[in-house]
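Please look over the sequence and the model below before reading the notes that follow.

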Amino acid sequence: MCTAIISVDPSSPVPVLVVGVRDEFVAREWAGPARHWPDRPGLVGGRDLRAGGTWLAVEPDAPRVAVVLNGRGRMAPEASRASRGELPLRVAADGKLGGLDLAVFDPFHLVGAEPDRVRLWSWDGEALTERSLGPGLHMIVNSGLEGEGQLEGETEDAYMAARLAHFRPRLAAAPRPEPGPDEPVERAWGAWLPLLDGDGLPRADHRALLPLLDLGDGRVWGTTSVSLVALGRGVRYDFSAAPGEGDAWSRVL
């Protein structure tokens with residue numbers, strides 16, 4: 001149940017804000033944001049050590065950011081399946097998907113953002129859709145933009161609906177951040193930061209933005225990191241590897 005939060009305000013000195021909340025099995029190994037990819041030396045992001053890709057990548061020279069979430073639909077054949085972690089690398093580096101064989105990828109939602117343009121690609125295993133995200137606040141979960149593909153009776157979808165219902169109005173009502181390049185994280189992200197630190201909800205709460213759930217048999221699943229990216233004349237990138245702990249934020253770019 002990963003979440004991406006996008007705010008677009010063309011009149012702002014920081015017209016695009018991107019929040020990437022990564023949910024995964026906590027035992028899955030990963031490395032923190034750095035320049036991990038020699039074939040794409042400009043890119044910065046966390047690296048999934050199992051598949052080698054990422055969930056969010058930043059190209060500071062563009063500036064550009066891309067973030068991927070799992071989608072819904074027909075899964076790719078196991079024998080030819082490729083990691084979706086390649087997709088943010090491609091879009092952050094090139095600004096486009098290019099001539100990919102999408103049939104090798106499981107369903108996904110992929111955001112590519114630049115200061116003057118934000119696009120959302122959604123692949124359901126059969127068809128690719130592309131749309132522009134205009135001015136305003138946008139929240140994307142595994143069931144799609146604003147949960148548009150939610151299924152009635154599905155527990156996971158009910159949790160996503162509760163998350164959207166709780167956090168969307170609070171984010172919309174809070175003053176929109178305009179992160180400066182030299183500000184501490186608390187000042188840079190302002191009234192959004194307590195919300196992005198979980199808004200005081202228990203991590204097992206069905207509304208939680210930063211879930212943490214014990215599934216039994218040693219399997220623990222939940223939010224493993226949160227990324228905050230601001231695009232203007234340059235890029236600012238803040239990161240937490242300890243979601244919900246207010247003093248865990250570090251500056252990447």
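**Pockets, a cavity and buried segments**

The second largest pocket has a volume of about 200 Å³; a pocket here is an open set of points on a 1 Å grid over the protein atoms alone, with protein on both sides within 12 Å along at least five of seven lines, and its lining residues have an atom within 4 Å of a point. Grid points are joined across faces, edges and corners, and a volume is the space filled by probe spheres set on the points. This is a predicted model, in which local features need pLDDT of at least 70 and side-chain atom pairs count only at pLDDT 80 or more, while totals for chains, interfaces and linings use all residues. Residues are numbered from 1 along each chain as its sequence is written, and side-chain values use heavy atoms, with hydrogens and water left out.

**Second largest pocket**

- Lining this pocket are 13 residues, and R72, H109, S122, W123 and D124 are the closest to its centre.
- The elements that contribute two or more residues to this lining are β8 (117-123) and β9 (128-132), where strands are DSSP runs of E with at least two residues and helices are runs of H or I with at least four, numbered from the N terminus.
- By class, the lining has two nonpolar, seven polar and four charged residues; Ala, Val, Leu, Ile, Met, Phe, Trp, Tyr, Cys and Pro count as nonpolar, Asp, Glu, Lys and Arg as charged, and the others, Gly among them, as polar.

**Largest pocket**

- The largest pocket has a volume of about 670 Å³, and of the 31 residues that line it, E24, R28, L69, N70 and R84 lie nearest its centre.
- Two or more lining residues come from each of β2 (16-25), β6 (64-70) and α2 (155-173), with the largest share, four residues, coming from β2.
- This lining divides into 12 nonpolar, seven polar and 12 charged residues.

**Cavity**

- A search of the whole structure finds one cavity of 30 Å³ or more, a cavity being a set of points where a 1.4 Å probe fits but cannot get out.
- The largest cavity has a volume of about 50 Å³ and is lined by C2, T3, G20, V21, R22, W55, V67, V68 and L69.
- Both β2 and β6 supply at least two residues of the cavity lining, which by class holds six nonpolar, two polar and one charged residues.

**Helices**

- Helix α2 has 19 residues and reaches 28 Å from its first C-alpha to its last, close to the 27 Å expected at 1.5 Å a residue, the expected span being 1.5 Å times one less than the number of residues.
- A kink of about 25 degrees lies at F167 in α2, shortly before the proline P169; the bend is the angle between axes fitted to the seven residues ending there and the seven starting there.
- Among the buried residues of α2 are D157, M160, R163 and F167, buried meaning under 20% relative accessible area (exposed is over 50%, partly exposed in between; 1.4 Å probe, protein chains only).
- The buried residues of α2 pack against β1 (3-8), β2, β10 (136-141) and α4 (192-196).
- In α1 (86-94), the buried residues are L87, P88, L89, V91 and A92, and their cover includes β5 (56-59), β6, β7 (108-114) and β8.
- Just after α1, G95 takes a positive phi of about 75 degrees.

**Loop residue S143**

- S143 lies in the loop between β10 and β11 (144-145), and it counts as buried because its relative accessibility is 5%.
- Leaving aside neighbours within four places in sequence, S143 is in contact (heavy atoms within 4.5 Å) with R72, H109, E148, G149, Q150 and M160.
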